[in-house]
Structure formats: structure tokens, C-alpha cells
Amino acid sequence: LTARKNFEATKKQLKKHLIDEYFEEIICCGQTNKEEVLLSSRVKTVLIGDTEHDIISAKKAGCLSVAVASGIREAEVLKSYKPDYIFDSLIDFSFFV
């Protein structure tokens with residue numbers, strides 16, 4: 001699940017970072033109700049984001065929260081929201097998975 005609107009761009013970015021194989025399904029903003037998707041699939045859902053809103057949404061839905069500090073917010077801000085995992089970039093996350 002991503003806040004990005006462009007499905008093809010999201011797919012391309014995941015492939016570029018060699019992590020596309022770890023995603024069963026990619027749901028972009030506007031395709032469906034985000035809350036509904038998170039609540040219906042919380043067992044296997046990891047929400048990766050770069051804002052405090054992403055971390056809060058993941059926690060509300062019972063998903064693992066992965067913060068990536070290469071986006072909008074700096075690592076210190078993201079850490080204050082206590083994500084399950086925090087990485088400097090998607091590349092670092094790809095080594096983790």
C-alpha cells in the first residue's frame with residue numbers, strides 16, 4: 001500500500017531497488033480505501049513510509065511500520081514516532097528483506 005498515485009512508477013522503483021519480489025500486491029492511493037485494506041490484511045502487511053502519518057497509520061492498523069528517512073522527514077523526527085524499523089533509504093531496507 002502506497003500513498004503514491006502512479007502504479008507503474010511505484011513498480012519501477014521497487015524493481016530498481018531489487019525488492020519487487022517481496023510484494024504480493026501493490027495498492028496505490030486512490031485505488032481503494034487505505035484503511036479497509038490495512039485492516040483486512042494486517043497479518044502480512046508492512047507499511048513503508050517517510051512521514052509520521054505513515055507510522056501512525058501502520059500502528060492503528062496493527063501492521064509493521066517501516067520508516068525510510070530518505071523522504072520528507074529526517075530520521076530523528078521519524079524515530080520519535082517509534083516505528084518498528086527505520087532505514088536511511090529503500091536500498092538499506094532491501095538488504096534487510
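In which strand is the place of Leu64? Leu64 lies in strand 2, which covers residues 64–68; helices (H or I, at least four residues) and strands (E, at least two) are DSSP runs, numbered from the N terminus.

The model is predicted, so local features need pLDDT of at least 70 and side-chain atom pairs count only at pLDDT 80 or more, while totals for chains, interfaces and linings use all residues. Residues are numbered from 1 along each chain as its sequence is written, and side-chain values use heavy atoms, with hydrogens and water left out.

An open sheet is formed by three strands in the order 1-2-3, with parallel pairing. Strand 1 (46–49) and strand 3 (85–87) stand at the edges with a single partner strand each, so one side of each has no neighbour in the sheet. From one strand to the next, the twist averages 20°. Strands 2 and 3 run parallel and are joined by three bridges; two strands pair if DSSP finds at least two bridges between them. Val66 has Tyr85 of strand 3 as its bridge partner. Helix 3 (residues 52–61) packs on the sheet and touches strand 1 and strand 2, its direction making about 170° with that of strand 2. For such angles, axes are lines fitted to C-alpha atoms, for helices over the stretch in contact, and values run from 0 to 180 degrees between N-to-C directions.

**Surface and loops**

Val46, Leu64, Tyr85 and Phe96 form a nonpolar surface patch with about 330 Å² of accessible area together. Patch members have over 30% relative accessible area and no salt bridge; like charges are joined within 9 Å, and nonpolar side chains (Val, Leu, Ile, Met, Phe, Trp, Tyr) within 5 Å. A salt bridge is a side-chain nitrogen of Lys or Arg within 4 Å of a carboxyl oxygen of Asp or Glu. Areas come from the Shrake-Rupley method with a 1.4 Å probe, and for residues only the protein chains shown count as cover.

Buried means under 20% relative accessible area, exposed over 50%, and partly exposed in between (1.4 Å probe, protein chains only).

| Residue | Relative accessible area | Class |
|---|---|---|
| Leu64 | 39% | partly exposed |
| Ser89 | 19% | buried |
| Thr51 | 10% | buried |

Ser89 sits in the loop between strand 3 and helix 5 (90–96). Beyond its neighbours within four places in sequence, Ser89 is in contact (heavy atoms within 4.5 Å) with Val68 and Ser70. Thr51 occupies the loop between strand 1 and helix 3. With neighbours within four places in sequence left aside, Thr51 contacts Ile72, Arg73 and Leu78.
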